[in-house]
Amino acid sequence: MKVKMLSRNPDNYVRETKFDLQRVPRNYDPALHPFEVPREYVRALNATKLERVFAKPFLASLDGHRDGVNCLAKHPKNLATVLSGACDGEVRIWNLTQRKCIRTIQAHEGFVRGICTRFCGTSFFTVGDDKTVKQWKMDGPGYGEEEEPLHTILGKTVYTGIDHHWKEAVFATCGQQVDIWDEQRTNPICSMTWGFDSISSVKFNPIETFLLGSCASDRNIVLYDMRQATPLKKVILDMRTNTICWNPMEAFIFTAANEDYNLYTFDMRALDTPVMVHMDHVSAVLDVDYSPTGKEFVSASFDKSIRIFPIDKSRSREVYHTKRMQHVICVKWTSDSKYIMCGSDEMNIRLWKANASEKLGVLTSREKAAKDYNQKLKEKFQHHPHIKRIARHRHLPKSIYSQIQEQRIMKEARRRKEMNRIKHSKPGSVPVVSEKKKHVVAVVK
Amino acid sequence: METAPKPGRDVPPKKDKLQTKKKKPRRYWEEETVPTAAGASPGPPPNKKNRELRPQGAKSTHILKKSRISKKPQVQKKPREWKNSESQRSLSGAQDPFPGPAPVPVEVVQKFCRIDKSRKLPQSKAKARSRLEVAEAEEEETSIKAARSELLLAEEPGFLEGEDGEDTAKICQADIVEAVDIASAAKHFDLNLRQFGPYRLNYSRTGRHLAFGGRRGHVAALDWVTKKLMCEINVMEAVRDIRFLHSEALLAVAQNRWLHIYDNQGIELHCIRRCDRVTRLEFLPFHFLLATASETGFLTYLDVSVGKIVAALNARAGRLDVMSQNPYNAVIHLGHSNGTVSLWSPAMKEPLAKILCHRGGVRAVAVDSTGTHMATSGLDHQLKVFDLRGTFQPLSTRTLPHGAGHLAFSQRGLLVAGMGDVVNIWAGQGKASPPSLEQPYLTHRLSGPVHGLQFCPFEDVLGVGHSGGITSMLVPGAAEPNFDGLESNPYRSRKQRQEWEVKALLEKVPAELICLDPRALAEVDVISLEQRKKEQIERLGYDPEAKAPFQPKPKQKGRSSTASLVKRKRKVMDEEHRDKVRQSLEQQQELQQQKEAKTKPTGAWPSALDRFVR
């Protein structure tokens, strides 16, 4: 007879002294872990609920401006520094860690229309309603010096926007035409126009640095190549585009913030259909900025809210609003991709977390592991109706909520009408136009 | 123990000094390895290749991963780069005799695989498909890793083997006790409790505690390993059944009238009057549900975490006194006097399934821990083992002289039956195989008729309650040797138990999720997907994902005549039509072949008895 009994030595399973850690032997055999899926589901449900409980995105409000904030700019080298221009011509530089204004400049008479920093971070440019372009030093004046711009360029017409080249000492302004300037000269290197309308914004491509995009009030978006003296091509949409923003990771993708409450992500190579139509706002979209990862962007709207969209989703994943925030005019995603800043009509700049329920500060390794595990679980069970409902739930102000309902009814009615038209006409005579193609009027090369 | 010669010892000190001069300052623990590379190693000087040893190892694991699991795992594939060059040598000059990651047996990897690759999913978009592929690859990788971690398991299961020709069933407990070590021998004991008559017993989930209740009101709980008594009371009422709740601190006792809950001091915490005349108790640990079967024919689910009755189901089959739970999917099996076993979940008013098992009433039911086999015994003196994976067909049957009144499965699939005052144990081939009923593995005769049976979790022990008290039998190879410390730890401290309790309550599975397949929640919901698609087509009036009909492109130089356009169109249409026909033909042929394979007689000649073959 050969016999062996299961006989464990307790010393192998119990800690020696109370100062030791407890011993936890593991066995990953699925038979010892029954109800794996239902338990994971419950964990995912709990994680989703906790995410909503901890969703407190609002961090700070920076007040000090005496008029609506019209434009924002990030410092390229310093995460804590932010520049803002107001409607009364005042430019303020803020320190985000202290949440304080560290410098105030009366830069222009009338609006500050645009502000941008030089790629090296030593100076910045502003354009205003007083037809001037001014270059300022980033550091304040020394003791006893006066606050003065480094250079001032007096133009003939009003400039409405400015953007700096990402690598060279060149910047572009827009107004009646798109002007490209050398920093050392007082005349533009070249001016480009296509049509005769005021251009509201111009943006350099951060990857293909010679490319520019601009949008004008005659409903078109025009693309330029700086190396040629003529524009490349343009796309005409249903309504006016307010701003565009290039994707910092994919050279040929840009997103346009449109007056028809939608955002359009275009591929520069095929402008006839947008890659994605992002709709959730209930009023004109005024500004858009990409996250440095290029996976998401944030949009500011006239409906007093900002929304975060993934680039491949047509619906927003997040909406931020407060009772006191009025029409949001400008928005920026910070370079560490953790925070969002928005400047609004009622003179405040607000700082938000990009991920509403994220815990700030240093995480211990166990916290990090738990966070990663919960994230994976949420991802795995995201399509289950109960979890989906909780994850999607957002409180909205009454005005936005009722407008969403109203617009849903309008959209349904339009669709029904179209369906009826197709049904009662000769088959094939009324084509079905997809949502993407509906909003593009023409592409001109 | 041999120690490696201290490097740098045989190097002349002058040289050493020179070298140290050249190098930047190092930590004292680094100094030991570095001079070996520089001075003492007979191999080539430390170049870049030498330092890349580890990444190369990593690369080879990558190759293994890509090639999926090797079909012949014991024969290791040696990547060619390992064989040839001297540069692959380690610092000491010796070659690694077992290069690359350790081989993993296929069966072990199979155990950890969760995704069923054979199942076809409906036609999905490219994005979803690629995501599925990524998930599958990840799953394979993790299952290989988990399989590799099996090497670290500390304990081996027990066994009992006879000399050639010797029948293990002839070996009596005294022999086993004599042969095994003292610690194991102490696990065999008898409690002589003749006064309060036949006992029911229950082990806690960790296998550390034992509770038993006598028919005449004697209830006790003890830490049976140290033999420390926790409480002992007499409830002055008949005790029908006894069960630990999620931890050893709570104890449910089915008394003559009502269900009572005691704590480990013997203090009565609750008397649940809504569960009356309860005959059997089952606790579902992950759902925190106490299932009670009563004389009145009701199956009642009590949520012990909030104290609410979740469901009270009328089985419509008279008195219920045969009950067991399926530990794999928390479905309750009830045995009835008409020979059927019905499967219940609290979410349904009707049974999930009814299985006709015996002619005459069912006396006992037991389900094994993997949820694949169910053993039943009936008044017809039959003992049957059923397959629970969809077919519900009996796998093996055996007629016992007296019939079994009590059945239980162990963690490793041993089946025990209590017949009068005899206990028989049958073993299968492996862990998940059904027990073979031909030859018993062990038998034991007790001092009174058996009234309750349970294998102790994580110990090779079988607890038997009978009219003469409690007997703890040694059954080598019954229990799972390696427990998981986070799931149920026999050696856990009080703090660990408290921590575990909070975690377990947080992930309490809702009662509505009990169904036959517990993995159904993670599968693609094909039915509602198709339904939604149908609704979308109805709403839109067209199928947005339908393939557009072929439209020939206009061609230059007068070749775009109407006739040629129609011709080209016709050509494509014909091609598609032929494809369709070919596919349907292939399908038909397959069906035909399957039918033929089914109807083919097993013998050379068709027999008259073939008509009874299912």
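View 1. Strand β17 (residues 340-344) of chain B runs antiparallel to β16(B), the two being joined by four bridges. Strands here are DSSP runs of E at least two residues long, helices are runs of H or I of at least four, and numbering starts at the N terminus; two strands pair if DSSP finds at least two bridges between them. Look for Gly335(B), whose bridge partner in β17(B) is Val341(B). Four residues sit between β16(B) and β17(B) in this hairpin, and Gly339(B) in the turn has a positive phi of about 90 degrees. On the other pairing, β15 (residues 322-325) of chain B meets β16(B) in the antiparallel sense over four bridges, with Met323(B) standing opposite Leu334(B). That hairpin has six residues between its strands, and Ala330(B) takes a positive phi near 60 degrees.

A word on the model: it's predicted, so local features need pLDDT of at least 70 and side-chain atom pairs pLDDT 80 or more, while totals for chains, interfaces and linings use all residues. Residues are numbered from 1 along each chain as its sequence is written, and chains are lettered from A and ligands numbered from 1 in the order written.

**View 2. Both faces of β16(B).** Strand β16 (residues 332-335) of chain B is covered on both sides: Ile332(B) and Leu334(B) are buried on one, His333(B) and Gly335(B) on the other. Buried means 20 or more other C-beta atoms within 10 Å of the residue's own, with C-beta atoms placed from the backbone.

**View 3. The largest nonpolar core, around Leu407(B).** This core has 111 residues, and Leu407(B) and Val416(B) have the most contacts inside it. Strand β19 (residues 362-367) of chain B gives the most to it, with five residues. A nonpolar core is a set of buried Ala, Val, Leu, Ile, Met, Phe, Trp, Tyr and Cys residues joined through C-beta atoms within 7 Å.

**View 4. Where chain B meets chain A.** Here 55 residues of chain B are in contact with 35 of chain A, contact meaning C-beta atoms, placed from the backbone, within 7 Å. Strand β1 (residues 2-4) of chain A runs antiparallel to β1(B), joined by three bridges; Lys4(A) has Phe159(B) as its bridge partner.

Note on methods
A residue is buried if 20 or more other C-beta atoms lie within 10 Å of its own, exposed if 12 or fewer, and partly exposed in between; C-beta atoms are placed from the backbone. Two residues are in contact if their C-beta atoms, placed from the backbone, lie within 7 Å.
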